[in-house]
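Here are my notes after going through the coordinates you sent. Have a look at the model first, then read the points in order.

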Amino acid sequence: MKNSPQRRSFFKKSIVLAGAFSSGSLFNQLYAGDFEKKANLYKDLSPAEIASNEDYWSLIQQAYPASSSPVLNLNNGGVSPSPQLVLDAVDRYDKMANMAPSYYMWRILDQGREPLREKLALLGGCDPEEIAINRNATEALNTIIHGLDLNRGDEVIGSIQDYPNMMNAWKQRALREGIVYKQLSFDFPIEDDQTIVDMYRQAISSKTKIIHVTHVINWVGQIMPVKKICQMAHEKGIEVIVDGAHSFGLLDFNIPDLEADYFGTSLHKYLSAPIGTGMMWIKKEHIAKVWPLLCDADPVRDDIRKFETLGTRSFPLEQGIGEAINFHNGIGKKRKEERARYLKNYWAERALKIPGVNIHTSLKPAYSCAIAGVSIDGMTPRVLESTLLKTYKIHTSPISYENINVVRVSPHVYTRPTDLDRLVNALEELAKK
């Protein structure tokens, strides 16, 4: 079968599109002009002021297929959907790769990793030589947790409100190697940084080597005072690992400004990158001493790429991250953070006025952003979640864990206030029963 001119043209265009950061990127073709026009139209508004401007956000909402889903997705803290251009990019890369996988994956798409590394580093405000690209926060943080040399009796401090996959990694090291894993317990919401910092400080002993802290607590959205914890820990010669799964792509910060030693995140949450994409950051001076989770020819080298010897992976997903970054940058970090916080407060402030409805998250800007926990007197989280889904077609996440019993609600930039009215009306009806 001969190659048609159209087929040859498709692959020429596809190869150009393999560079998400080129002038031919899908974002530049489809959205850049409109985003710029909207931004110029409201250039005099601060990010906090534009957060409630529905005309501005309507353009962004329309870019997400999820905005028209019959099921209202308010579990973006689990996995966020992608804008259409990210789905289209992955589809094009996938079709390209499947014409001759080993050629297009290794010789074409794989060449996009270094530009992608640079753009992720720019987004994180850090050195590209400190960024490794992987599949999710679990992989990133488990690489660090299992890669650090610790001896029997060395202590690690975390909390029972950390993410289970990270807690289990530390528990496995404790079981297998005899390290000591201490866990604090917080009664959220807490609206005082010093209270949190002091709890970590008081748990430190002469054997403490690592503090593991979650930037945004996934269960209820509490923002932890990471920088203050890191500063306190470093004064005592202790290193800090930060779980940034729910902060990166949402909060306006640069990774080095946290003053942590290690950081891991998922990109398929608030960055809206393809599902199954993640990133790890290790301070340059620590790279050599962290062993790769998967084998490398030189596991003690100080090259961050030693953590990317994963064998065959999904190159289309990886390269789709680039278009998600373009879309994110088109909005802007601070605008995105303020919009997410506005949406959380929009529904939570109304829900607080309903008798029998409880909010388990601070509404102060310093202590939460997109995520909040809600409960109704007399209903378990599981019953509330299932009723919201079955009766109202609202998807949330039920949490009954330790001292937290809530339904987690987490909107995104494509969520409309009218969607959240639907949630508040549902809560009011259920609270009356």
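1. The largest cavity comes out at about 60 Å³. Bear in mind that this is a predicted model, so the volume is a property of predicted coordinates. With a threshold of 30 Å³ or more, the count is 1 cavity.

2. What lines the largest cavity? The lining consists of Leu123, Phe248, Gly249, Leu250, Leu251, Phe253, His328 and Lys333. By class, that lining splits into 5 nonpolar, 2 polar and 1 charged. If you want to probe the site in your viewer, Lys333 and His328 are both part of the lining, as is the run from Phe248 to Leu251.

3. On the overall fold: the protein chain has 16 helices and 13 strands. Its C-alpha trace spans about 70 × 55 × 40 Å along the principal axes. The radius of gyration is 22 Å, and because a compact globule of 433 residues would have a value near 22 Å, the two agree.

4. How much of the chain is buried? Of the 433 residues, 56% count as buried. As for contacts with a separation of 6 or more, 70% of them are between residues 24 or more positions apart.

5. Strand β8 (278-282) deserves a look. It is mostly covered, with 5 of its 5 residues buried. Both faces are covered: Gly278, Met280 and Ile282 sit on one side, Met279 and Trp281 on the other, and all are buried.

6. Which strands pair with β8? One partner is β2 (residues 131-134), joined to β8 by 4 bridges and running antiparallel to it. In that pairing, Ala132 stands opposite Met280. Another partner is β7, also antiparallel, with 5 bridges to β8. Here Tyr262 stands opposite Ile282.

7. Thr277 is in the loop between β7 (262-266) and β8 (278-282). Is Thr277 buried or exposed? Its relative accessibility is 2%, so Thr277 counts as buried, the cut-off being under 20%.

8. What does Thr277 touch, leaving aside its neighbours within four places in sequence? Its contacts are Asn134, Arg135, Asn136, Ser266, Leu267, His268, Leu317 and Ile321. Among these, Asn134 falls within strand β2 (residues 131-134), and Ser266 falls within β7 (262-266).

Definitions and conventions
Residues are numbered from 1 along each chain as its sequence is written. This is a predicted model: local features need pLDDT of at least 70, side-chain atom pairs count only at pLDDT 80 or more; totals for chains, interfaces and linings use all residues. Side-chain values use heavy atoms; hydrogens and water are left out. On a 1 Å grid over the protein atoms alone, a cavity is a set of points where a 1.4 Å probe fits but cannot get out, and a pocket is an open set with protein on both sides within 12 Å along at least five of seven lines; lining residues have an atom within 4 Å of a point. Grid points are joined across faces, edges and corners, and a volume is the space filled by probe spheres set on the points. Ala, Val, Leu, Ile, Met, Phe, Trp, Tyr, Cys and Pro count as nonpolar, Asp, Glu, Lys and Arg as charged, and the others, Gly among them, as polar. Helices (H or I, at least four residues) and strands (E, at least two) are DSSP runs, numbered from the N terminus. Buried means under 20% relative accessible area, exposed over 50%, partly exposed in between (1.4 Å probe, protein chains only). Contact means heavy atoms within 4.5 Å. Two strands pair if DSSP finds at least two bridges between them. The radius of gyration is taken over C-alpha atoms; the globule rule is 2.2 Å times the number of residues to the power 0.38.
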